[in-house]
Amino acid sequence: PVEIRTVNESFNRMVADLGKLEADRAVLLAGISHDLRTPLARLRLEVEMANVPQEARDAMTGDIEQIDGIVHQFLDYARREPQAPAEDVDLAPLIEAAVRRARIDAQPLSRVDLHLAPAVRVRGHRTELDRAVDNLLTNAARYGRDPKSGVLNVTVSLLRDDDTAIVGIADNGPGVPTDQIERLMRPFERGDAARSGSGAAGLGLPIVQRIARMHGGDLRLLANAPHGLRAELTLPAL
């Protein structure tokens, strides 16, 4: 019938327009981020050479690093395809390396507990999986301190449940209200003041979710007992 054909044509146009919009946004983010890298590098050099007090130099360097971190998130979000072929990845060594890079233990009043099952392997892109775990650890370190004691306790776990590998990263921070969890998974969205802060572009969790789905998995955000947030990255296990 004519009505059904009209609806189908309209739907197909909508799908095509949405796809073009997503592609255009990715190109825009990548272009802006790439163009910002050069002036940021010049600013960093000029700050190092400037005759200013060390305290002011450290503050300016911190601002530049925050901007550079946001730019890096834009580039990660704009990247549509993996940069390397898929391979068999042993998750335990990958997670241990990510924890070392995060250097959470080096921060005041901070501790990381590891509970990693051995020989849990997935088929995937190592660089993308590194990026996903890095983002989850960064999120926990940034927002996961106990609101009363100021202590940061991050628990990182890896287990296998039948044919699913589950990477869990839990903190003891203020957590996220249940009605805000879905919103946090959207690009450029952030939680309330308790889990928002300077230097965050609202892309960390959407990047992790995109990487999870790229590998046939998912990202889940759950309440952590007695308080805090637990992020679970689920992936098909070999």
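This is a predicted model: local features need pLDDT of at least 70, side-chain atom pairs count only at pLDDT 80 or more; totals for chains, interfaces and linings use all residues.
Trainee: How many helices and strands does the chain have?

Mentor: Read along the sequence, the chain follows the pattern α-α-β-α-β-β-α-β-β-α-α-β-β. Its C-alpha trace spans about 75 × 45 × 35 Å along the principal axes. The elements in the chain are six helices and seven strands.

Trainee: Among contacts between residues at least 6 apart in sequence, what percentage join residues at least 24 apart?

Mentor: Of the 238 residues in the chain, 38% are buried. For contacts in the chain between residues at least 6 apart in sequence, the share that joins residues at least 24 apart is 69%.

Trainee: Which element gives the most to the largest nonpolar core?

Mentor: The largest nonpolar core has 45 residues, and Leu91, Leu137 and Val154 are those with the most contacts inside it. Seven residues of this core come from the element that gives the most, helix 4.

Trainee: Which residues does leucine 137 touch, not counting those up to four places away in sequence?

Mentor: Leucine 137 is one of the residues with the most contacts inside the largest nonpolar core. Leu137 also belongs to the lining of the second largest pocket. Beyond four places in sequence, leucine 137 touches Ala98, Val99, Ala102, Ile104, Val154, Val156 and Ile169.

Trainee: Which element gives the most residues to the lining of the second largest pocket?

Mentor: About 220 Å³ of space lies in this second largest pocket. Its lining consists of Ala98, Arg101, Ala102, Ile104, Gln107, Asp134, Leu137, Thr138, Ala141 and Arg142. Two elements give two or more residues to that lining, namely helix 3 (91-102) and helix 4 (126-143). With five residues, the element that gives the most is helix 4.

Trainee: How many nonpolar, polar and charged residues does the lining of the second largest pocket have?

Mentor: The lining includes Ala98 and Leu137, as well as Gln107 and Asp134. By class, the lining has five nonpolar, two polar and three charged residues.

Trainee: Is arginine 142 buried, partly exposed or exposed?

Mentor: Arginine 142 lies in helix 4, and Arg142 is among the residues that line the second largest pocket. Because its relative accessibility is 40%, arginine 142 counts as partly exposed.

Trainee: Why does arginine 131 count as buried, and which side chain joins it in a polar contact of 2.8 Å?

Mentor: Arginine 131 is also found in helix 4. The cut-off for a buried residue is under 20% relative accessible area, and arginine 131 counts as buried because its relative accessibility is 13%. The partner of its side chain in the 2.8 Å polar contact is glutamate 128.

Trainee: How many residues of helix 6 are buried?

Mentor: The buried residues of helix 6 are Gly204, Leu205, Pro206, Ile207, Val208, Gln209, Ile211 and Ala212. Just after this helix, glycine 216 takes a positive phi of about 80°. Helix 6, residues 204-214, is mostly covered, and of its 11 residues the number buried is eight.

Trainee: How far apart in space are proline 187 and tyrosine 77, C-alpha to C-alpha?

Mentor: Proline 187 is found in the loop between helix 5 (178-184) and helix 6, and it counts as partly exposed because its relative accessibility is 27%. Not counting residues up to four places away in sequence, proline 187 touches Arg25, Tyr77, Gly202, Leu203 and Pro206. Although proline 187 and tyrosine 77 are 110 residues apart in sequence, their C-alpha separation is 8.8 Å.

Trainee: What is the omega of the cis peptide bond that joins alanine 225 and proline 226?

Mentor: Proline 226 is placed in the loop between strand 6 (218-223) and strand 7. Most peptide bonds are trans. The bond between alanine 225 and proline 226 is cis, with an omega of about -5°.

Trainee: Where is arginine 103, which has a positive phi although it is not a glycine?

Mentor: Most residues other than glycine have a negative phi. Arginine 103 has a positive phi of about 55°, and it is exposed because its relative accessible area is 55%. Arginine 103 is found in the loop between helix 3 and strand 2 (110-116).

Notes: Residues are numbered from 1 along each chain as its sequence is written. Side-chain values use heavy atoms; hydrogens and water are left out. On a 1 Å grid over the protein atoms alone, a cavity is a set of points where a 1.4 Å probe fits but cannot get out, and a pocket is an open set with protein on both sides within 12 Å along at least five of seven lines; lining residues have an atom within 4 Å of a point. Grid points are joined across faces, edges and corners, and a volume is the space filled by probe spheres set on the points. Helices (H or I, at least four residues) and strands (E, at least two) are DSSP runs, numbered from the N terminus. Ala, Val, Leu, Ile, Met, Phe, Trp, Tyr, Cys and Pro count as nonpolar, Asp, Glu, Lys and Arg as charged, and the others, Gly among them, as polar. A nonpolar core is a set of buried Ala, Val, Leu, Ile, Met, Phe, Trp, Tyr and Cys residues joined through side-chain atoms within 4.5 Å. Buried means under 20% relative accessible area, exposed over 50%, partly exposed in between (1.4 Å probe, protein chains only). Contact means heavy atoms within 4.5 Å. A polar contact is a pair of N or O atoms within 3.5 Å; within protein, one must be able to donate a hydrogen and the other to accept it, and residues adjacent in sequence count only if both atoms are side-chain atoms.
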